[in-house]
Amino acid sequence: MPISNVRRLAACVAALACLAQAASAAEILIADEKSQPESLTVAPGGVLIVGSASTPFVYKVRSGSATAEKFVDASGEGSGTFFFGMLADASTNTLWTCQLTPVPGATPVRRHTALRSFDLENGAPKIRWNLPGDNSTCNDFAIGPDKALYISDTANSKIYKLPAGASTAELFLEDRALYGIDGITFLNGTLYVNNVFSNNLYRIPVDAAGKAGQPVDIWMDQPIKGPDGMRAANGKLLVAENGSGKISVITVNGDKASVTVIKEGLKTPTAVEPAGDTIWIAERGAGKAVSIPMPR
C-alpha cells in the first residue's frame, strides 16, 4: 500500500477512535440501570454531577470520563433517602440539592424533604433547610437575577426563596395552579415554572417590590407531556418531558409559546442541563446521563 494511503488509513483510525471515545463519554451509566438519575448539573471543568431517585447518593463524573463516582453519601439520613434537584453555583462553589426521606410506615406515602448544599470541590456539607409541613417535595431550583435561590415544592403548590447569604428560606408564592410545580428557571430575568401534573407552563410576574403575582398560563402551540426539569439557554426554555420521552425547546413570545421537539425516544427524561454546545439529559428510566448537541 502506498505510504500516502497508509497515512490516510491511520488518520481515519485515529478519528474513529476519537469518535468512539466521545460517544462513550456522552452516554454514562450511573451505577446501574436502576439508579434512576433524576437531576443533573455541570460544575466548573466540565464535571457532571448527578443525583439518584433510588439511592442515597449524588454521583460525580469527571470531564472525559464515563465512570460515575460517589460524591455525596446520605445513607445515614434514613431508609429510602434519595435526591431530586441538582444545581451547581460556581460563584459560591456550592452544589444545591433536594434531599427526600420517606416517613416510616406512613400511608399514604409522605416525605420529609430538605434543601441541602455542599462544597462543589470536596462534597463537604454547608446549609440544610428543612421544608415546612408533614409532607413536602423539594423538587428543583433556580438562581434569580437577585442571586437568591428559588425552590419548587411540588406537593404543596409553593415556591420558596432563599436570599443570597441566608440559611433559611421564606415563602415566595403559594397558588393552586402550582400544585404539581416541577421545573423552575429564569429566562431573560423572568421566572418560569412548569407543572408536571397539568402539563402547563407559567410565567410568575414579580412587582417592583419583589412580590410575586398570580401565575400566568402560557399558551403553547402543541402539548407537552409530563414537563419536568427545565433550564434556559440561548433565549429559550429547554424542557424534559418525562411523559413522552422527549426533550423540547420552547420559544416564548409574551403569553404564547412555540414548542419544538429536538430529541425523542428517551426513557423517562427528567432533567436537562445546557453546557456550552451540549445539552445533558438525565434519562431516569435507563439509569443514564446522555448528551445531545445544542440546537443552533
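Modeller: Helices (H or I, at least four residues) and strands (E, at least two) are DSSP runs, numbered from the N terminus. The model is predicted, with local features needing pLDDT of at least 70, side-chain atom pairs counting only at pLDDT 80 or more, and totals for chains, interfaces and linings using all residues. Residues are numbered from 1 along each chain as its sequence is written, and side-chain values use heavy atoms, with hydrogens and water left out.

Biologist: What is the place of proline 37 in these terms?

Modeller: Proline 37 lies in strand S2, which covers residues 37-43, and the chain as a whole has one helix and 25 strands.

Biologist: What makes the chain as compact as a globular protein of its length?

Modeller: The radius of gyration, taken over C-alpha atoms, is set against the globule rule of 2.2 Å times the number of residues to the power 0.38. For 296 residues that rule gives 19 Å and the chain has 20 Å, which is close, so the chain is as compact as a globular protein of that length. Along the principal axes, its C-alpha atoms fill a box of roughly 75 × 45 × 35 Å.

Biologist: Why is proline 37 called buried?

Modeller: Buried means under 20% relative accessible area, exposed over 50% and partly exposed in between, with a 1.4 Å probe and protein chains only. Proline 37 has a relative accessibility of 0% and therefore counts as buried, as do 49% of the 296 residues of the chain.

Biologist: Which residues does proline 37 touch, not counting those up to four places away in sequence?

Modeller: With contact meaning heavy atoms within 4.5 Å, proline 37 touches, among others, Ile30, Val50, Ala282 and Thr270. The C-alpha atoms of proline 37 and threonine 270 are separated by 8.0 Å, although these residues stand 233 residues apart along the chain.

Biologist: How do you know that strand S15 pairs with S14?

Modeller: Two strands pair if DSSP finds at least two bridges between them. Strand S14 (residues 181-187) and S15 are joined by five bridges and run antiparallel, with threonine 185 opposite tyrosine 192 in S15. These strands form a hairpin with two residues between them, where asparagine 188 in the turn has a positive phi of about 55°.

Biologist: What makes S16 a partner of S15 as well?

Modeller: S15 and strand S16 (residues 200-204) also share five bridges, in the antiparallel sense, and leucine 191 stands opposite isoleucine 204 in S16. Their hairpin has four residues between the strands, and asparagine 199 there takes a positive phi near 65°. S15 itself, residues 190-195, is mostly covered, with five of its six residues buried.
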